[in-house]
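Here is a short note to read alongside the model on your screen.

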Amino acid sequence: MKTPGTTSSLSVLPPPLDGEPLGLYVHVPFCGTTCDFCAFHQQTPKKGEVRQYLELLARETLLAPLERPVDTIFIGGGTPGLLAPAQIRELGKILGEAYGLPREEWTVEMTPASATPARLAAWKDIGVTRISMGAQSFQPHYLEKLGRMQPREKIFEAFSTARRAGFENINLDLMFALPGQSWEEWEADLREVVALGPEHVSTYCLTFEEDTTLWWKLSRGEIRRDEEREIEFYRETPQWLASEGYFRYEVSNYAREGFACVHNVNTWKMGEWVGLGPSASSQQGGWRGTNRSGLDAWGEDLEGGRRASADRFPVTSLTRALDRLVFGLRMAEGVEEKVLTEILRLAENPVWGSFWEKLQEEGLVGTRRGEGRRYHLSEEGFLLADRIGAEILAAGE
Amino acid sequence: MDLQHTRNFSIIAHVDHGKTTLSDRLLESTQTVATREMKAQLLDSMDLERERGITIKSHPVSMAYQSEAGPMYKLNLIDTPGHVDFSYEVSRSLAACEGALLLIDAAQGVEAQTVANAHLATSQNLTIIPVINKIDLPSADLDKCLRQLEDILAIPGEDAILASAKNGIGITEILEAVSARIPPPRWADYDGTRCLIFDSIYDSYQGVICYVRVFSGTIKPGDTTVLMSDGLKVEIKEVGVFTPARLKTKELTAGNVGYIVTNIKSVADIKLGDTLTHLQSPAKEMLPGYKEVRPMVFSGMYPLDTGDYEKLKAALGRLRLNDAALVYQQESSMALGFGFRCGFLGLLHMEVIQERIRREHGVDIILTYPSVIYRVETTRGETLMVDNPVNMPSANDIEDILEPTIIASIHIPTDGVGDVLALVMEKRGICEHTETLDDSRLMLTCRLPLNEILVDFFDRLKSITHGYGSMDYEVGEYQSADLVKMDILVNADPVDAFASIVHRQKAENKGRQLCERLAEIIPPQMFKIPIQAAIGGKIIARETVRALRKDVTAKCYGGDITRKRKLLEKQKEGKKRMKQVGNVSIPQEAFIQVLKTN
Ligand SMILES: Nc1nc2c(ncn2[C@@H]2O[C@H](COP(=O)(O)OP(=O)(O)O)[C@@H](O)[C@H]2O)c(=O)[nH]1
Ligand SMILES: [Mg+2]
């Protein structure tokens, strides 16, 4: 099958990715409510839509056969948790028939509200190994501010339900730098989460993405951002969590030893991943692309035998190396020297070398020796990860 | 109408003393324009002229006047531009006349332009009729005005006519004086046709239309004429008079004022003050007083939106059709992209052009620092004229730099003299002469570098004197000065748009101000970026742009790399829209703000 964007010279494509970790991402577009901070594509399911979704998903698996076993699966959304137990089992059947069980990890995202014993049992049954729940905050008034309609008790309940269902790898998401939030309040959240004792904690600085409710409030001046506070939280949180045994392995992610999210780490290292479901992205076979969003548009593409038709482009060796650097730098383990060597060899922009040196001179990027030299962001560098990423792309291309 | 009953005159005055109002009254009184057709201030036809109360183009009009003694007179009123920037234009309009009404605001008395204009009129040998206007004002001080007339201008007070243009007082006396005191047209029996071109406009249907005063001979459609300065052949397609609308006539004869429609395509080809004569039987000498006008002030003009370059080019082209004094040529700046180096007669001219480009042509523009033309003598013995700091040779190659000066007459209330002298000093000027105008006013004659008055001199003079100060100037000589080119370096790269030529002693101060301003305006950067002011290789001021502290989005899901990358691409694109100076992205906004506020 010839797809747009792949017609250019094949010689620029990277070598085949055999041997690279292979992940499967499944997007479930439904969500019960829309949180004020969320810009992800989702819709409240209308009658029959979940049915339609599952049928289309089955069809997409037929268009995306894989020749080797998947290492990880990540089911995200939306809230996959919204699926009824029967639907969960059907989803498991579809994926299992197409790809078998993942070799390393199978994560499902859900809200505490949807974490019922029946559903969790269903997830467990189909082979899910890891639960990721959005707690966001333990403080009722902040939950309300975020447009999150869950009482804090629900978080505790959901967590213990998941444990009882046998999940030994649980992540909780928290948000910080909420409008008006003090360090003490944030610390209280951290204390609550640590008391629960999940294996993994994600702490997201509240962002104001275009077209979210929060963004509107911000642009109308109803709430204010306090960058200094964001910086403080960013700086203090890693130490705080480290003293409790959670180690930062990425800008926003902390885990107990051995519990980093394998799926995400593989993605950041630019392995291969296959995205199923509306608006899911794929990187596979030398190209990258995104499924059209919305059940109808996605379905229409599948009908025509197409996948990932939006923003589709070939991933050249240079693009891949640059992305390895940009996303790899967000991780504590950083990036191997050979990625840099590759960029230096391929980048045509003569400033690249001096730009990279400058990043080190200014103390934004540091080096570490283990097996070979590795590059990683410094504390200041972490805070500038986006800018550094944009500059890397600008200088490298 | 025979020569004996023709009068050519103009009205000269300091701004706001009532020139336009009086012109309107004269038109009404002679029924040249029916009262119902009168728009207030009929002769200032451009919006901008009306708004700012200045006249940029001359507006001649012919009036028929029934004198009290009986005979009918033809009175040609030639309104003149009213600003120092246009003093050559004023002198050409005056050259078309035999007399002038010198208007003085009864409450204000003699002011800077009154003196300058009176001098211009005297040097053209015009008969001056002093008119004290606005006598209706309670604050009118007739004694003072009459005394100033005699003391400052050596014009006998008893010659003055007391008038109120607003209330129609003294209008008949003025018309009588014009017909009785001003002599009939001069030089009418000169051998050969001579027409003075005192203005020209571009008309999209008819092409270039010249405003002329015929001194001798006759001119009519079908004539082939030449311009005496450069021998350019001009075909006459139509002639006529101003009523004030253009009215076609069969011919224009000696002593009269009117217009000619020519085959010439651009006003730039017609030089103001030139003499038109017949190709077949040319006059031997030109009319006196012609000179080439040269722009005095230069500035780079750039479209705010780089996509508007063609629009700006078209706008300048259109303005130039009607304004031969505007010169421009393409230039490009690393910081601002493609634009034009423009030359103007002076600051007002610059402002007017800038306003018209914005308003009439809808192009948003940014102007770089105005610059004068420096005369640079190199160590190799050459002389260079430099109107753009970027073209200044390096310090080692310069023997001497000379700058243009002006001789300013500054009229101020006596109690402000200390502050004004301090201002003059600060601007590197010297006061050469002080004269008492009356018990509360002084006139200072100062020599100042033109460069120093370009930006805020006039505004500050006005504010120091609470609005009562006024100034006029004429161009002085070039004089040697200790000038240096100051570069502004962003991350060690010089930024052309900020380069300037300054006096050595002022360099450090100005450099520091600029650096501070820039450091404030440039958005926080990832790396530490020095902003420096330098003379030659020597750094004289330094600031550092604030460091960016946080730019990270928390979320970067596995299934979401594409989205994340898009965001980064967007940032990268945003960066491209900024001006790259070395590693630093400076938003165009920053350039504009710095150039604006300085
Ligand atoms: N009181 C009074 N005001 C006048 C008289 N003549 C003109 N003005 C006002 O003075 C101002 C300037 O007049 P204008 O004719 O535009 O002056 P110009 O700048 O010399 O053309 C306007 O507000 C006029 O209305 C007058 O005789 N008496
Ligand atoms: Mg006027």
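1. **Before you start.** This is a predicted model, in which local features need pLDDT of at least 70, side-chain atom pairs count only at pLDDT 80 or more, and totals for chains, interfaces and linings use all residues. Residues are numbered from 1 along each chain as its sequence is written, while chains are lettered from A and ligands numbered from 1 in the order in which they are written.

2. **Around the ligand.** Which residues are closest to ligand 1? They are B:Gly18, B:Lys19, B:Thr20, B:Thr21 and B:Lys166, out of 17 residues that surround the ligand. A residue belongs to this shell if its C-beta atom, placed from the backbone, lies within 6 Å of the ligand. Helix 1 of chain B (residues 19-29) gives the most to the shell, with three residues. Helices (H or I, at least four residues) and strands (E, at least two) are DSSP runs, numbered from the N terminus. Sorted by class, the shell holds four nonpolar, eight polar and five charged residues. Here Ala, Val, Leu, Ile, Met, Phe, Trp, Tyr, Cys and Pro count as nonpolar, Asp, Glu, Lys and Arg as charged, and the others, Gly among them, as polar.

3. **Where the chains meet.** On the chain B side, 24 residues are in contact with 41 residues of chain A. The side of chain B that touches chain A has nine nonpolar, five polar and ten charged residues. Two residues are in contact if their C-beta atoms, placed from the backbone, lie within 7 Å.

4. **Chain A as a whole.** Chain A has 15 helices and 15 strands. Of its 397 residues, 49% count as buried. Buried means that 20 or more other C-beta atoms lie within 10 Å of the residue's own; exposed means 12 or fewer, and partly exposed is in between, with C-beta atoms placed from the backbone. Among chain A contacts between residues at least 6 apart in sequence, 72% join residues at least 24 apart.

5. **Two backbone angles to check.** Most residues other than glycine have a negative phi. A:Ala177 is not a glycine, yet has a positive phi of about 60°. You will find A:Ala177 in the loop between strand 5 (170-176) and helix 6 (183-196) of chain A. Is A:Ala177 buried or exposed? A:Ala177 counts as buried because 22 C-beta neighbours lie inside 10 Å. A:Asp311, also not a glycine, has a positive phi near 50° and lies in strand 12 of chain A (residues 310-314). A:Asp311 is partly exposed, with 14 other C-beta atoms within 10 Å.

6. **A covered helix.** Helix 15 of chain A (residues 385-396) has twelve residues and reaches 16 Å from first C-alpha to last, close to the 16 Å expected at 1.5 Å a residue. The expected span is 1.5 Å times one less than the number of residues. Twelve of the twelve residues in helix 15 of chain A are buried, among them A:Arg387 and A:Glu391.

7. **An open sheet in chain B.** Four strands of chain B form an open, antiparallel sheet in the order 17-18-16-19. Strand 17 (327-333) and strand 19 (365-367) stand at the edges with a single partner strand each, so one side of each has no neighbour in the sheet. One bridge joins B:Pro303 to B:Ile365 in strand 19 of chain B. Helix 8 of chain B (residues 347-359) packs on the sheet, touching strand 16, strand 18 and strand 19. The buried residues of helix 8 of chain B include B:Leu348 and B:Ile353.

8. **A covered strand in chain B.** How many residues of strand 4 of chain B (residues 99-105) are buried? Seven of its seven are. Five bridges join strand 4 of chain B to strand 1 (residues 6-13), running parallel, and B:Phe9 stands opposite B:Gly99. Seven bridges join strand 4 to strand 5 of chain B (residues 127-133), also parallel, where B:Leu101 has B:Ile129 as its bridge partner.

Conventions. Two strands pair if DSSP finds at least two bridges between them. Axes are lines fitted to C-alpha atoms, for helices over the stretch in contact, and angles run from 0 to 180 degrees between N-to-C directions.
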